[in-house]
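Visitor: I'm new to this one. Could you show it to me and let me ask how you know things?

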Amino acid sequence: MHRDHSLHARYVQELPFRLTAAQERVLGEILADLESGHWMQRLVLGDVGAGKTVLAVAALLAAVGNGLQGAFLAPTEGLALQHAERLVVPCAALGVRLGVLVGAMSEREKAETRGRIASGDVDLVVGTHALLREGQEWKALGLVVIDEEQRFGVAQKERLKQLKRQIHVLALSATPVPRTLQFSLAGVRDLSVIETPPRDRMAVETAIL
């Protein structure tokens with residue numbers, strides 16, 4: 001497994017843009033959680049395009065750099081594959097072994113990926129609820145990033161509750177449901193908010209069809 005404490009810093013340094021002050025503050029909060037000796041339970045709120053994914057990747061790389069495995073969980077296959085595509089280049093540059101696990105893969109491909117996860121041949125894996133299958137073994141799972149947790153079903157949330165007892169969890173949301181937000185406001189989870197969007201961010205367009 002990796003033990004390179006500079007992975008996340010190298011990733012941020014190689015970005016084609018600079019993090020905003022809000023992103024730097026939130027990343028600092030996340031890294032402090034990972035180094036605190038306690039399991040992280042943090043919700044990051046930010047509008048679409050506010051730069052939450054960049055921080056999630058940096059957090060995952062920080063976990064990998066400490067010899068742990070990271071998982072990036074998305075509610076749909078399309079979003080999972082989009083995240084994986086964005087990770088291919090930086091992971092290759094940093095020597096991080098990336099895996100993908102979604103329902104559309106063949107049973108042989110899924111079995112092969114699950115085996116690599118269990119043996120530790122994968123440092124970082126991106127996937128859907130397929131990652132939550134009962135019996136999935138991990139070599140050293142340390143951090144799970146959950147994109148839009150409120151979009152997961154009851155069965156997946158029950159599985160997530162089991163995982164949360166023994167790993168760091170970072171949830172991302174642009175539109176949290178009241179229950180998700182209540183956990184943070186009540187102190188069950190820590191809350192980070194990205195108030196300002198990155199420079200030159202394109203305006204969000206919403207269409208009702």
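Predicted model: local features only at pLDDT ≥ 70, side-chain atom pairs only at ≥ 80, totals over all residues.

Visitor: What makes residues 107-119 a helix called H5?

Guide: Helices are DSSP runs of H or I with at least four residues, numbered from the N terminus (strands are runs of E, at least two). H5 has 13 residues.

Visitor: How do you know what span to expect for H5?

Guide: The expected span is 1.5 Å times one less than the number of residues. For H5 that is 18 Å, and the helix reaches 18 Å from its first C-alpha to its last, close to expectation.

Visitor: Why are Lys-110, Thr-113, Arg-114 and Ile-117 called buried?

Guide: Buried means under 20% relative accessible area, exposed over 50%, partly exposed in between (1.4 Å probe, protein chains only). Those four residues of H5 count as buried. Seen down the axis, the buried residues fall within an arc of 100° (taken from the directions from the helix axis to the C-beta atoms), so they line one face of H5. On the other side, Arg-108 and Ala-111 are exposed.

Visitor: What do the buried residues of H5 pack against?

Guide: Strands S2 (69-73), S3 (98-101) and S4 (124-127); contact means heavy atoms within 4.5 Å.

Terms used: Residues numbered from 1 in each chain as written. Heavy atoms only, no water.
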